[in-house]
Amino acid sequence: MFDALSTEANTTVQTVFGLEGISVNWQPPREDGHGDLMTTIALQLAKKVGQSPRDIAQKIAAALASSSSIEKIEVAGAGYVNVWLKPAVLLQELKITEAACTAQKARKGEAPVIVEYSSPNIAKPLGIHHILSTIIGQSIANLYEHLGYYVIHWNYIADWGVQFGKLSVAHRHWGTKSIQEYTLDELLTLYVRFHKEVDAGKPELEEEARKEFKKLEDGDAALRTFLDAVVATTKISLAHLYKRLHVSFDVDLGEGFYEDKMAPVIEEGKRTKVFVEGEKGALITNFAESTGLPPYMIVKGDGATLYSTRDLAQMRYRIDTYHPQAIYIVTDIAQKLHFEQLVATCKQLQWEIPAFENILFGRMRFADGKMSTRTGNIVKLEEVIEEGVHRAAHVISSRGESIQTDDPKALAEMMGVGALVYGVLSQNRKMDIVFDWDKCLSFEGNSAPYLMYTHARACSVLRKAKVQHPKMPKDAHTFTTHERTLLSKLLQFPSTIEAARTEHLPHTLANYLYQLCQDFNAFYSADPIVTAPEAERNLRLALTSLTASVLKTGAELLTLRVPERM
RNA sequence: GCCCGCGUAGCUCAGUGGAUAGAGUACUUGGCUUCGAACCAAGGGGUCGUAGGUUCAAUUCCUACCGCGGGCACCA
């Protein structure tokens, strides 16, 4: 922000105090009444320069007072320097916010960023907890894309493993129809039945399932057909859900894809002695004691492969095929160790891997215990969405005449899905969440409908004024407090999305949008817009229009949608 | 046992090496003859888990402890 001022201030401080390489850390003040920008540079320099913070601050203020961009500068408190900028400077700066509302074109020739998220299981409906990886991942991918990165949205589908042996066994024993005809719910019922029978005294079923899966691994054609049918059923259901959530993928390779890509990796590890024999004939990697990492199993004692084997093969495949600049994998915190071991193993294999981060989020659980697909103790994502849309429809119909939308059904969808998604994205992803119907479908206060309402309200003002794209005035005599507060907030949009991308924290954007709404609504109720004198009217309409653009852009980055009427 | 994350208002959560720690919700009030009241404005409510340490300045960084959650070889 404000490059000209920054340069001027740096030069000033360096000259006045004879210091090299000092740069002034300008920040937007946290509270009103401290100007447009503030700095604590005087406090930081006090010891180095051997003067009191207030004296230093006074000297900086005196030197900068004549700057062409500064309207007022003052020293406050222990030695803060607060700056008020001239209206023309602030209005000029808003152009950067305007530009930030348009997605940047992908930079040519730049290596891709792979974002892996959602990663559902096959043959089971998505549970409510799947919303976390799905939405957090999509919003992070959106941020990268908006800021000009070439992003590969990657869905790593769990379509391999002993669970298919179990499913096949369950189908053979208790199946009621041909495999293609099952719904996901029915497949889940079969899976739950399997575990019930095991627990009820048929442990031999487990062994049967393992053998069944071994047959699949050995290329049994009938089982392959079985698996393909189940995958097809699952994908149809997923596609439907992803569409409602505004989530999309470029690649959706399953674990099975890596079946023939693991052997070379295992060979390489053996040859380089990175993989060594562990207990019961298993193949493991040991790490230096300084890493604090426990051994990592690559191949089981019976020769079967694991998650880790496939992830190594996948790493190799991604690097060789896409040459990505970064790989980000969005998973819950329980997988942290696994990915630390994966990266450490890659290093021991001397693979040159790109920037890598396991983007973690907290666990979701029920107030009365864990979610478990084994027992069927699962709240389905789709039923939560349906409930949200249902509740939204109820709110809409109860408002009767005051509703302005011409499509209540679409609005209910937008609100119901939005409430759920906003609930996830407005809090720090690292926090654990206890599932609660009312909490995750909130329509009040800091929630999706508040953003939607504010956007609809801003659009309504522009309709009333009969202007579509009002131009931001080049100058203004003065600002009201509410104009200035709103304007400051609008200025922060570009740095907010950049920080949300860098830190992989979409909730910082959600919180910013919420504050923007608060500032706009306070401005709206204090300052007349359409009926104001011409100069004020032009400025206020332009601020209203820019607020609407920022809200829409920001919301869409979070996978939300906002209406023009509601 | 070892390792990781979290602990902020009654509840649900933001936040930061810096000025008086903020929202929502709940409670108490005020504001529609005026651009959308799904809104705005005002009020009460806090030993920022506990104890030390570093710093001009710590709720923020470091250490220990307590509480909760997770992980620690044949699941993913």
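User: What stands opposite Val-113 in β9?

Analyst: In strand β9, the residue opposite Val-113 is Ala-326. This is a predicted model, in which local features need pLDDT of at least 70 and side-chain atom pairs count only at pLDDT 80 or more, while totals for chains, interfaces and linings use all residues. Residues are numbered from 1 along each chain as its sequence is written, and chains are lettered from A and ligands numbered from 1 in the order in which they are written.

User: Why are β5 and β10 said to stand at the edges?

Analyst: The open sheet has four strands in the order β5-β4-β9-β10, paired in parallel. β5 and β10 (355-361) each have a single partner strand, so one side of each lacks a neighbour in the sheet. From one strand to the next the twist averages 15°, where axes are lines fitted to C-alpha atoms (for helices over the stretch in contact) and angles run from 0 to 180 degrees between N-to-C directions.

User: What makes the unit of β4, α5 and β5 right-handed?

Analyst: The term applies if, with the strands pointing away from the viewer, the path from the first strand over the helix to the second runs clockwise. β4, helix α5 (residues 130-146) and β5 form a β-α-β unit of this right-handed kind.

User: What makes Ala-123 count as buried?

Analyst: A residue is buried if 20 or more other C-beta atoms, placed from the backbone, lie within 10 Å of its own, exposed if 12 or fewer, and partly exposed in between. Ala-123 has 24 such neighbours inside 10 Å and therefore counts as buried. This residue belongs to the loop between β4 and α5, and its phi is positive, about 75°, although it is not a glycine. Across the 566 residues of chain A, 39% count as buried.

User: Why is Pro-203 called exposed, and what makes His-246 partly exposed?

Analyst: Pro-203, in the loop between α7 (184-199) and α8 (204-217), has 10 C-beta neighbours inside 10 Å and so is exposed. His-246 has 17 other C-beta atoms within 10 Å, which means that it is partly exposed. His-246 sits in the loop between α9 (221-244) and α10 (262-271), and its phi near 60° is a positive value in a residue other than glycine.

User: Which residues come nearest to RNA strand B?

Analyst: Lys-280, Lys-300, Gly-445, Tyr-453 and Ser-460 come nearest among the 73 residues around RNA strand B. A residue is near the strand if its C-beta atom, placed from the backbone, lies within 6 Å of it. Elements giving two or more residues to this surface include α2 (41-49), β3 (80-85) and α16 (448-465). The largest share, eight residues, comes from α16.

User: How do you know what counts as a helix or a strand in chain A?

Analyst: Helices are DSSP runs of H or I with at least four residues, and strands are runs of E with at least two, numbered from the N terminus. On that basis chain A comes to 20 helices and 12 strands.

How values were computed
Two strands pair if DSSP finds at least two bridges between them.
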